[in-house]
Amino acid sequence: MDNSLSFYIDGEWVTPADRQRLKVENPATEETVGEISLGNAQDVDLAVHAARRAFQTFSKTSPSDRLALLQRILEVYDSRLNQLGETMSQEMGAPLPFAVQWQAGIGSRHLQQIIKTLEQFSFVQVREAGLRVSKEPIGVVGMITPWNWPMNQILCKVAPAIAAGCTMVLKPSELAPLNAILFAEIMDEAGVPPGVFNLVNGDGVTVGGAISQHPGIDMVSFTGSTQAGILVAKSAADTIKRVHQELGGKSANILLPDANLEDAVSKGVFACFSNAGQSCNAPTRMLVPAALHDKAVGIAAATASKIRTGLPTEDGIDIGPVISRQQFEKIQASIQKGIDEGADLIAGGVGRPEDLMRGHFVRPTIFANVKPWMTISKEEIFGPVLAIIPYESEADAIALANDTVYGLAAYVQGADREALARVAGSLEAGTVYINYPAWNPAAPFGGFKQSGNGREYAEFGLEEFLEVKGIVGY
């Protein structure tokens, strides 16, 4: 990759201020697949100044001009979809078909959705005689994105920011940064004006810290762990910038008594293990009626036995490795904690799958008879680990589901529409999914409680990048 050691600033590929480099590992093979430069505060400052200059003109462009730009970005993005998927498969270990169709494909869906949103969005309203309300771009946005769904999180920030008229500085995860370099090439090919989009690679402490502290940045949009989000918010506090965050989760999946148990359990297992369990909204706590617990456990164990873990280039693979050795060891410790605390291990366990001698592969693991106080019921594991928790009544299920510091997502399965609506309305989560619906980029995404603040996707994401101005006496 020709530009991997450069940063994209002010419409040019530039040499970083420092010569420090970082190797990018394929987590399936533990081999190096690329190398990037690590930026510092000087690189961030250069990018911020470019973004501030660009904001003076880009913020004044018309919605129709920005719409045309987004359409060009979509066209170029789609032309490089396979390359993006192949790159993410290598640096993340995601099975290749999944990487192309979802890891890359989801970015295209976000672009399509924000184009549709912008076509209908009104930036100016006359509320009553003498009162005009306008929505204006907030300014320069610092974006810090994770490794688990790279293009999803880049596009659900970059696309609405462009629609709003903002300029930006992006720091992708240093664990999976190569796709972001390709994305910068896409932005350049699409003719994004110089300084509107800037890319600086680096680690969270150095580059992420410089972004959140920089007085020239008006807003930080961060996706990552709750612990890191706290640090970003504290770092940004001195400059009173807006901080938008999408953080961790420990999502409950309530199976109501009238749910089709075979379907609800098997789909719940696959949903939990998808992307090797590395999704903040994964349904990692399966709540089942106590009377159906043992039957549900049998279905879950049978489902887990069918899941194929392996190299992302192999045919028929369901899940690949987790992202890094550090993440692998964290998940192993969580699995061991579940065993030590007395949960029933019904599938998987510690160590790699027997046929995989290297790579950060985790055995798809299921615990049953999990108690609410157990660590595996409380803490986000971010790996293919499912906890099955029995409940006694609908009220008990709701209480268990809400008994968490997180509130990103929740899931409900059943047949009775009134019960589904009642339970969904009682759950403390930003998004509730009923009977495993298709993913919808028009639905708001974001969390209650320690899962963050603000929303992403469609007009909900667009609103985050806008300031509201009231003009009285108009």
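# Helix packing, aromatic pairs and backbone features

A276 is buried, with a relative accessible area of 4% (buried means under 20%, exposed over 50%, partly exposed in between, with a 1.4 Å probe and protein chains only). The model is predicted: local features need pLDDT of at least 70 and side-chain atom pairs count only at pLDDT 80 or more, whereas totals for chains, interfaces and linings use all residues. Residues are numbered from 1 along each chain as its sequence is written, and side-chain values use heavy atoms, with hydrogens and water left out.

- A276 is not a glycine, yet its phi is positive, near 55°.
- The loop between α9 (261–273) and β13 (285–289) holds A276; helices (H or I, at least four residues) and strands (E, at least two) are DSSP runs, numbered from the N terminus.
- N435 is another non-glycine residue with a positive phi, about 55°.
- N435 sits in the loop between β19 and β20 and is partly exposed, at 36% relative accessible area.

**Proline P146**

- P146 belongs to the loop between β7 (140–144) and α5 (150–164).
- With 11% relative accessibility, P146 counts as buried.
- Setting aside neighbours within four places in sequence, P146 has contacts with Q153, S173 and T223 (contact means heavy atoms within 4.5 Å).
- From P146 to P160 is 14 residues in sequence and 18 Å in space, C-alpha to C-alpha.

**Helix α2 against α4**

- Two packed helices are described by the angle between their axes and the distance between the axes.
- Helix α2 (residues 63–79) packs on helix α4 (residues 96–120) at about 160°, and their axes are 10 Å apart. Axes are lines fitted to C-alpha atoms, for helices over the stretch in contact, and angles run from 0 to 180 degrees between N-to-C directions.
- α2 and α4 are therefore roughly antiparallel (over 145 degrees; under 35 is roughly parallel, 65 to 115 roughly perpendicular and the rest oblique).
- The crossing of α2 past α4 is left-handed. A crossing is left-handed if the near helix is turned anticlockwise from the far one by less than a right angle, and right-handed if clockwise.
- On the α2 side the contact has P63, R66, L67, L70, Q71, I73, L74, Y77 and D78, and on the α4 side A104, G107, S108, L111, Q112, I114, I115, L118 and E119.
- By class, the contact of α2 with α4 comprises eleven nonpolar, four polar and three charged residues. Nonpolar covers Ala, Val, Leu, Ile, Met, Phe, Trp, Tyr, Cys and Pro, charged covers Asp, Glu, Lys and Arg, and the others, Gly among them, are polar.

**Helix α2 against α5**

- α2 also packs with α5, at an angle of about 155° and with axes 9 Å apart.
- α2 and α5 are therefore roughly antiparallel to each other, and α2 passes α5 in a right-handed crossing.
- R66, L69, L70, I73 and Y77 of α2 meet M151, L155, A159, I162, A163 and A164 of α5.
- The contact of α2 with α5 has ten nonpolar residues, no polar ones and one charged.

**Helix α13 against α14**

- Helix α13 (residues 394–402) and helix α14 (residues 417–426) pack at about 35°, and their axes lie 10 Å apart.
- α13 passes α14 in a right-handed crossing.
- E394, I398 and N402 of α13 make this contact with A419, R422, V423 and S426 of α14.
- By class, the residues of the contact of α13 with α14 are three nonpolar, two polar and two charged.

**Aromatic rings**

- There are ten aromatic pairs in the structure. Rings of Phe, Tyr and Trp (its six-membered ring) pair if their centres lie within 6.5 Å; planes under 30 degrees apart count as stacked, over 60 as edge-to-face and the rest as tilted.
- F121 and F123 form an edge-to-face pair, at 4.9 Å centre to centre and 70° between the planes.
- F121 is buried at 16% relative accessible area, and F123 counts as buried at 12%.
- F445 and Y457 form a stacked pair, at 5.2 Å centre to centre with 10° between the planes.
- F445 is in the loop between β19 (431–434) and β20 (448–449) and Y457 in the loop between β21 (452–453) and α15 (458–464), so this pair ties together parts twelve residues apart in sequence.
- F445 counts as buried at 4% relative accessibility, and Y457 is buried at 6%.
- Y8, W13, F183 and F197 are linked into a cluster by ring pairs.
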